[in-house]
Amino acid sequence: MLSLWLNVVASGILMGLVYGLVALGLTIIFGVMRVVNFAHGEMVVFGVYIGYWSVRMWEVPIIAAAALAAAVMFVFGYFLEKLIVKRFVNSPHHYQFIVFIGLSLLFSGILLVAFGPDPRPTASQLSFRTVSIGILTLDLARLQAAGVAGLLIVMLGAYLKYSSFGRSLRAAANNRLGGLIVGLIIPRIYAITFGIGAACAGVAGALISPLFDAQPYLAMDFTLLAFVTVIVGGLGSFGGALLGGLTIGVAEAVAALMFSPSMKTALPYALLIIILIFRPRGFFGVREV
Amino acid sequence: MSEKFNKAAETKRWIAGAIVFVILGLVGALSNSYIVSLMTIVLLFTFMGQSWNLMLGIGGQLSIGHALFVGLGAYSVGVLYLKYGISPWIGLLAGMVIAGSVGAVLAWLSFRFEVHGIYFALLTIAAAEFARIMFSGWEFVGAMQGLFFPAPTGEVDISMLRGGARFYYFVALALAAIGIAGTELISRSYLGYVWRAMRDDDEAARALGVRTFRHKILVISISAASAAAGGGILALVQGAIFPDSIMGMGISVDVLIGPVVGGLGTAFGPLVGSLAAIPLNHLMGALGDSLGIPGLNNIAYGVILISVVWFLPDGIWPAVVRGYAAIKGSLFARPLKLRKAEE
Amino acid sequence: MTTLLDVKNLTRSFGGLVAVNDVSFALAKGQITALIGPNGAGKTTCFNLVAGALKPTSGQVFFQGQSIEGAPPENVCRMGIARTFQIVRPMRDMSVLENAMVGAFSWTRNVSEARSTAYESLESVGLVGKANARTDQLTMSDRKMLEVAKALSTRPKLLLLDEVMAGLRPTEAVSVVQVLRKLAESGLTILLVEHVMRIVMEVASTVVVLHHGAKIAEGCPKDVVADPQVLESYLGAGFHA
């Protein structure tokens, strides 16, 4: 019994690291630009499809697919911001929300047209292989996803904290007007930020492509999962995204064990409602919207 | 002097509205069944869009989870009629009460704990999705298999709200008319002023004596109840209720696209917007089906939403009216704009 | 001389900072009282405490004998106290007239009554001509007056004005002074938070001076202005009249 629980929790932690990466992308975008990227789930799904496509076309390892996803999604996010998002950065919130809903519809429509509604499984070399560590039996694909995600989180964190660009980013997040005054190039920072956020989503998607069949309809679940994670951890908080991811990952895994698997999908929403009501700031929430 | 001025304008608006509805009535009586079915959906979403419009355009509260209320209305009618043989009239009433209460509770919880704006919108999505998943697993309401209404015999039974396509068209038309007239009346009443003040500046409104906490709950509750009424009729029209369709995000988007495209805060906006967006969506869907490419309607909706917010954030209707006024330069061109009730 | 507002030992701290420290004063009906003090003296905090925008840490506020400290702003308004905001807050998507109507709904539900009240309020402040204008078409001085008109529509017994003169040119300030005098003559009690001393001298019958959150002087303008403690608070120690 204990080993079952431990395995479930471990599996949840692994997934949680990936959720953390997804949430990180969302929270960076929000933290710097005060924009709520409701199309984040679509970006994750783009990553899943990139994973699916790379493996199918070139039979590369998932890590290569993830690297490709990072590059592609960064560029995608960068130009999306420059072309569309920037016009709405200072709009009232409900306009922003509606624009992003429009974007998410557009993206899922494009995916449907390109790939059709049927789920596309990604056959990775790691699929179905497991590794045993003591009483734990871990999914190798999951372990890899978590490992890479964790590494990226740490790297991103270090970059934000220690690099000069990272400092500019945090400055821009902290005080937009002040940043402009001291010469920060806010438009470029915003574009890069959005690119980073999209890249996080895309990489996470590619990493989990062996675990989830690529399907346009996954997007909404990921978007809301990302939001739950971010809100649990605190909108705008780096550490919060990570902690939120782990919390949700474990909670989801445990819920699937305790209740029926279909309840598993309901949990994030229930959690979101509870957290929004009782502690909207989350663990480390930074600012009010 | 300005009082008489306003009265003349007001009468002309009511006349314009009446003309529109006479035209729509003729459409219902004379068109073929495809158009009647399509327009029924347009009118239903006009009504539900108007309820959403009330909440955001006048009350200032954003909800992206209206599917929750639509679904509650649908299920109330469906369960009471199909399981207990109770007339959908009662079902509608029950649905409105249930949805109104759920909306009030959600609102109370949120605002009690200072959950506003974007967070509140996220809450509405979460609530709708949670409900959808719960209903998907609830045997009593048919779970994933859903509920099915018996096929319409074509005979009209008003007491049971059953009839053919044309019958439901006129029901939907009546709802749309009630929605537009109701919104206009509310807007001119003290509620309209107080809600708009609350929308524009909550703190300033409170300093003027507006009990914004109560009013937010009230506007959300009314919006929820209306959406439920629309949902109940939608269920009857579609003949079947599935959790994924009636409580899914798709419905929430369908509800908001009319007002957003047509004109937020205006009385005719949801009608114009639904007229523009919903047939296009159906067209794209049909096109996609015939070409074997699903997703065209998503792309269409996405492009429409982005374009409207980008180029015509006020919506199509106000822009049309401005253009018409520029050409005609006459009083008749004034839109039924709820925000400018005093002009 | 009846007391309309009685502030007793009002204190408000924010963490370690005591913004308002044991302040007591009373407002007589029909008088214009000014609340002055150097920057950071706690005037606005005091103001917000009376208006219900902040809850006091301790102390009491009595309005017409009823205790109102801690009451939410909408209740305070309905009891007869109206306030303006220092940084004006017009309802942007409503016309000037509509803005002025909102306050009336705190005591009536009748739209035409609200409308005529709004016209009266706009007339008192000289904005009737711009009744159908959008708020973004107004000058700064007009917006300040709209703030006052909005408050007047609530038919208050006590009007709290938060730095209504700030940002006004001298000519504009003169017309505002006339408006205030007329309002006081009609029986309205006014409490002004003000920086502009010249206005204070002209308009106020009583002045309350705050410094570092505490009341250091109270009395008629002439006396207060000569009070050495007051001078020291504004100009620093070592100043001799």
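Visitor: Is α5(C) mostly covered or mostly uncovered, and how many of its 13 residues are buried?

Guide: This is a predicted model. A residue is taken as buried if 20 or more other C-beta atoms lie within 10 Å of its own. By that count, α5(C) is mostly covered, with 10 of its 13 residues buried. Among them are C:Asp142, C:Lys144 and C:Glu147, along with C:Met145, C:Leu146 and C:Val148.

Visitor: What covers the buried residues of α5(C)?

Guide: The covering elements of chain C include the helices α3 and α4 and the strands β6 (81-83) and β7 (158-162). As for its length, α5(C) spans residues 140-152 and reaches 19 Å from first C-alpha to last, close to the 18 Å expected.

Visitor: How many residues of chain C are in contact with chain B?

Guide: On chain C there are 26, and they meet 21 residues of chain B. Helices α2 (73-79), α3 (96-102) and α4 (111-125) of chain C each give two or more residues to that side. Its make-up is 12 nonpolar, five polar and nine charged residues. Chains A and C have no contact, and their closest C-alpha atoms lie 13 Å apart. Of the two pairs of chains that touch, A and B have the most contacts.

Visitor: At what angle do the axes of α11 and α12 of chain B cross?

Guide: Angles of 65 to 115 degrees count as roughly perpendicular. The axes of α11(B) and α12(B) cross at roughly 110° and come within 6 Å, so the two helices are roughly perpendicular to each other. Residues making the contact include B:Ile257 and B:Val261 of α11(B) and B:Leu271 and B:Ala276 of α12(B). By class, this contact has nine nonpolar, five polar and no charged residues.

Key. Residues numbered from 1 in each chain as written. Chains lettered and ligands numbered in written order. Predicted model: local features only at pLDDT ≥ 70, side-chain atom pairs only at ≥ 80, totals over all residues. Contact = placed C-beta atoms within 7 Å. Helix = DSSP H or I, 4+ residues; strand = E, 2+ residues; numbered from the N terminus. Nonpolar A, V, L, I, M, F, W, Y, C, P; charged D, E, K, R; others polar. Expected span 1.5 Å × (residues − 1). Buried ≥ 20, exposed ≤ 12 C-beta atoms within 10 Å, placed from the backbone. Axes fitted to C-alpha atoms, helices over the stretch in contact; angles between N-to-C directions. Parallel < 35°, antiparallel > 145°, perpendicular 65-115°, else oblique.
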